[in-house]
Amino acid sequence: MSPIHHARRWLWLLLAYAALGLGILGVFLPGLPTTPFVLLAAFAAARGSKRLHARLLAHRTFGPMIREWQASGAVNRRAKYWAIGMMAASSVIMFATAPKAWMAATGTAIMAVVGLWLWLRPEPPAG
């Protein structure tokens with residue numbers, strides 16, 4: 001393995017673990033999304049560590065979501081509701097606590113764009 005290939009593999013692995021860590025934090029912190037970070041972790045792991053990628057695919061909670069995304073870019077409706085609900089709650093919290101209204105408005109606008117994109121994603125076939 002060439003040194004460049006080896007370094008690239010380590011960078012993908014570092015991105016995978018960083019994204020996975022942020023995704024896990026997102027389970028507990030409002031405003032920090034879980035799903036996009038877990039999907040990013042799977043993407044990076046597929047390029048940096050076949051073993052980590054296999055573990056993510058086999059995970060009881062994250063595995064089905066990752067497999068649906070990889071197969072068809074699909075996100076199930078329950079995940080959409082949760083994500084959009086958490087973004088709405090985070091928006092309320094930001095408007096209640098931000099020192100300047102434009103700060104909360106900026107975050108809310110970004111979440112609205114992400115929410116719209118997420119809602120427009122296809123849903124996996126029933127079965």
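**Exercise 1.** Determine what share of the residues of the protein chain counts as buried.

*Solution.* Buried means under 20% relative accessible area, exposed over 50%, and partly exposed in between, with a 1.4 Å probe and protein chains only. Of the 127 residues of the protein chain, 28% are buried by this criterion. The model is predicted: local features need pLDDT of at least 70, side-chain atom pairs count only at pLDDT 80 or more, and totals for chains, interfaces and linings use all residues. Residues are numbered from 1 along each chain as its sequence is written, and side-chain values use heavy atoms, leaving out hydrogens and water.

**Exercise 2.** State how many helices and strands the protein chain has, and give their pattern.

*Solution.* Helices (H or I, at least four residues) and strands (E, at least two) are DSSP runs, numbered from the N terminus. The protein chain has 6 helices and 0 strands. Along the sequence, the pattern therefore reads α-α-α-α-α-α.

**Exercise 3.** Locate L25 and classify its accessibility.

*Solution.* First, L25 lies in helix α1. Next, its relative accessibility is 43%, so L25 counts as partly exposed.

**Exercise 4.** Identify which element gives the largest share of the lining of the largest pocket, and divide the lining by residue class.

*Solution.* Lining residues have an atom within 4 Å of a point of the pocket, on a 1 Å grid over the protein atoms alone; a pocket is an open set of points where a 1.4 Å probe fits, with protein on both sides within 12 Å along at least five of seven lines. Helix α5 gives the largest share, 7 residues. By class, the lining holds 22 nonpolar (Ala, Val, Leu, Ile, Met, Phe, Trp, Tyr, Cys and Pro), 7 polar and 2 charged (Asp, Glu, Lys and Arg) residues, polar being the others, Gly among them.
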